[in-house]
Amino acid sequence: MDFEITLLSNGFGAEVTGLDLSQTLSYDDFEIVRRVWFEAGVVVFRDQNLTPEHQVAFSRRFGPLIIHVLDQFQQPGQPEILLISNKKREDGTGVGFEEAGRYWHSDLSYVEKPAFGSLLYAVEIPPEGGDTMFADMRRALKTLPDETLLRITGRRGRHSYTRNFEDNEYLNSGRPAITSNQLSRIPGSTHPMVRTLTDSNDQALYVNPGFTYAIEDMDESESKALLSELFAHCTRPELIYTHKWKPRDLLCWDNRSVMHHATRFDPTHTRHMRRTTIEGDLPV
């Protein structure tokens with residue numbers, strides 16, 4: 001091993017330097033990378049010169065890749081890559097999902113088998129702003145009051161791609177319209193509110209303001225009040241790591257154990273990024 005690993009935030013998040021992901025990693029090095037990622041929840045690989053093909057190849061070593069429902073924002077020739085970008089085509093349409101992630105969420109929690117991992121590569125970034133904030137959902141669970149923990153134990157949350165955007169105007173931050181065909185592919189799902197990470201047996205709180213809109217078999221007003229309490233708890237400052245992007249960062253996060261939120265930036269600057277997403281399993 002000839003690369004360095006540095007913890008970023010009290011054991012939450014890690015930085016890897018001195019590794020070239022455009023080359024195929026040895027089995028041993030890849031296993032170290034896998035372990036560091038899963039233990040830290042978030043890992044950033046600095047100074048990577050990655051083509052779309054490199055990114056897809058590295059991502060696939062962790063498992064099958066998901067093609068995002070917003071297929072109009074695919075990388076040309078690489079459907080596994082979702083473009084997160086404010087660049088425009090000559091006709092004025094966007095090349096990518098410009099307003100992606102401007103709210104707390106866990107990627108694809110609204111599908112039956114939610115994404116376990118997401119990998120985001122910085123092609124162009126603004127001089128300031130456009131950071132990505134992460135909430136440590138393992139610590140969020142561990143620090144819940146006992147009474148609240150009892151209320152959610154054994155409960156399931158309802159997740160939807162559209163429901164919270166309909167109910168909460170503050171979440172509707174310029175997200176592109178979704179077609180009826182796209183909507184038919186994401187009917188929504190229910191998942192345990194306390195999730196076990198199958199590779200480590202760690203547990204994490206598995207709800208998020210972007211997509212979790214109700215608690216199954218609970219009165220609507222009680223459900224909304226409890227979810228609001230949980231959302232406030234897991235976004236406390238001591239549970240947050242904020243990633244300040246550098247060009248050529250590859251940032252990877254475990255959607256089972258963290259949720260994330262992109263901050264705003266001056267739209268006269270360019271933010272162009274490529275995201276791959278790894279398929280997960282049924283939450284337990």
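The entries below record what I looked up.

**Basis.** I worked from a predicted model, in which local features need pLDDT of at least 70 and side-chain atom pairs count only at pLDDT 80 or more, while totals for chains, interfaces and linings use all residues. Residues are numbered from 1 along each chain as its sequence is written, and side-chain values use heavy atoms, with hydrogens and water left out.

**Cavities.** I looked for cavities (sets of points on a 1 Å grid over the protein atoms alone where a 1.4 Å probe fits but cannot get out). I found two of 30 Å³ or more, a volume being the space filled by probe spheres set on the points.

**Largest cavity.** I noted a volume of about 230 Å³. Its lining (residues with an atom within 4 Å of a point) comprises 20 residues, with Ala-100, Gly-101, His-105, Asp-107 and Arg-275 nearest the centre. By class, I recorded twelve nonpolar, five polar and three charged residues. Strands (DSSP runs of E, at least two residues) S5 (78–85) and S15 (258–262) each supply at least two of the lining residues.

**Second largest cavity.** I noted about 30 Å³ of space. Among its lining residues are Ile-67, His-68 and Asp-71. S5 gives the largest share of this lining, three residues.

**Asp-136.** I located Asp-136 in strand S7 (residues 132–136). Asp-136 is buried (under 20% relative accessible area, 1.4 Å probe, protein chains only). I found no salt bridge for Asp-136 (a side-chain nitrogen of Lys or Arg within 4 Å of a carboxyl oxygen of Asp or Glu). The nearest side chain of opposite charge, Arg-138, is 4.4 Å away. The Asp-136 side chain does reach the backbone nitrogen of Arg-138, at 3.1 Å.

Technical notes. 1 Å grid on protein atoms, 1.4 Å probe; cavity = no way out; pocket = protein on both sides within 12 Å on 5 of 7 lines; lining within 4 Å. Helix = DSSP H or I, 4+ residues; strand = E, 2+ residues; numbered from the N terminus. Nonpolar A, V, L, I, M, F, W, Y, C, P; charged D, E, K, R; others polar. Buried < 20%, exposed > 50% of the residue type's maximum accessible area, 1.4 Å probe, protein only. Lys, Arg positive; Asp, Glu negative; His and termini not counted. Polar contact = N/O pair within 3.5 Å; in protein donor to acceptor, adjacent residues only side chain to side chain.
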